[in-house]
Amino acid sequence: MDIVEEIGTAPARPRRRPASAARAVPAAAPAAGTARPEAPPGPRTALKDRHLLGIQGLEPEEITLVLDTARVMAEIATRPVRKVPTLRAKTVVNFFMEPSTRTRSSFEIAEKRLSADTLNFSPSTSSVTKGESLLDTARNLEAMSPDMIVIRHKASGAPHFLARHCRSAIINAGDGWHEHPTQALLDAYTIRERKGRLQGLTVAIVGDLMHSRVLRSNLFLLKTMGAKVRLCGPPTLVPAGIASLGAEVHLRIEPALEGADVVMMLRVQRERQKGTSAFPTAREYFNLFGLTRERVRLAKKDAIIMHPGPMNRGVEIDSAVADGPASVILEQVTNGVAVRMAVLYLLAGGSLGELAS
């Protein structure tokens, strides 16, 4: 399905003026020649935009806000009754035009735990199979007055397209090769929970860099938060100019892993290679770029191993590593629910201050 308009950015949500502003008493004017001291800005308590279309453009304070809110949301999963009325009377449409297991299930669980009403949209049982356009489908869904639309689409820019034409808040659950913002946020949450920080860490990302929206979102986020990023993959799977985004690029896995705090493996996306192969065989790829126990020893002793899934065992990662003590792969899945709860809550107009109180 073609996206005929260029990718744009969604308009920022207007900031709400505090009710107390009209009653505020103006401060006395400073003496002549004296500069009025400025109060230091406090921590951000709400997102500045009403959509989440990507990580690129988010401020460090916004990323921190999502991660801090997710920590509060994670506590809900420890309760006997894992449900809160935060999004009661809100309707969320899960508009997934590509296959998904973790992301779709994670969003559905997050919505249910927040008491939202949900509608799951499947292209195989919709009018898309009859030739209906993306815009017409979205407009028909919006005619039912949903508050948010979570979209995954094979076309890069599809969420931005909807954001310009829909009144609902749009959440990007992965668009083509472009971005996957909630995956990067849950990865950052997992790293911060394990390491206590993001700034100053060395993160090695290895695998199919060419086709990975997870790579792009993680690269934007980690650089924004002050981490050092190393990228590694075969030359046929390294995008031209990727180093200009501030990452080191390696064509051998060993120097990429040396002294790393975090190792993130990426799946080889054969379905996006359009009938061609970027390497001769899966065995050769594993021999040159697979993460084995021997290669893990090149990283720091307390390094953690990550993978956004689904994994191709024996291709990009050895089963002994995927299931080993350094692996946090299943923690990523668990943390995805809390992070997506945080995103839904904040885009619905919630704030961390209100949640804490």
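**Exercise 1.** How many helices and strands does the secondary structure of the protein come to?

*Solution.* The model is a predicted one. Its secondary structure comprises 12 helices and nine strands. For the overall burial, take the 357 residues of the protein: 51% of them are buried. For the contacts, take those with a separation of 6 or more: 73% of them link residues 24 or more positions apart. For the surface, the accessible area is about 17,200 Å², and carbon and sulfur atoms hold 53% of that area.

**Exercise 2.** Find the cis peptide bond and place its proline in the secondary structure.

*Solution.* Most peptide bonds are trans. The bond from Gly-309 to Pro-310 is cis, with omega near -5°. Pro-310 belongs to the loop between strand 9 (304-306) and helix 10 (319-322).

**Exercise 3.** Describe the setting of Arg-167: which loop holds Arg-167, is the residue buried or exposed, and which residues does Arg-167 touch, leaving out those up to four places away in sequence?

*Solution.* Step 1. Arg-167 lies between helix 4 (158-165) and strand 4 (169-175), in a loop.

Step 1. Its relative accessibility is 65%, so Arg-167 counts as exposed.

Step 2. With residues up to four places away in sequence left out, Arg-167 touches Arg-50 and Glu-142. Heavy atoms within 4.5 Å define such a contact. Glu-142 is 25 residues from Arg-167 in sequence, and their C-alpha atoms are 7.7 Å apart.

**Exercise 4.** How many disulfides does a search of the whole structure find, and are Cys-166 and Cys-232 buried or exposed?

*Solution.* The search finds zero disulfides; the criterion is a pair of cysteine sulfur atoms within 2.5 Å. Cys-166 has 4% relative accessibility and so counts as buried. Cys-232 has 0%, so Cys-232 is buried as well.

Terms used. Residues numbered from 1 in each chain as written. Predicted model: local features only at pLDDT ≥ 70, side-chain atom pairs only at ≥ 80, totals over all residues. Heavy atoms only, no water. Helix = DSSP H or I, 4+ residues; strand = E, 2+ residues; numbered from the N terminus. Buried < 20%, exposed > 50% of the residue type's maximum accessible area, 1.4 Å probe, protein only. Areas by Shrake-Rupley, 256 points an atom, 1.4 Å probe, with all protein chains shown as cover.
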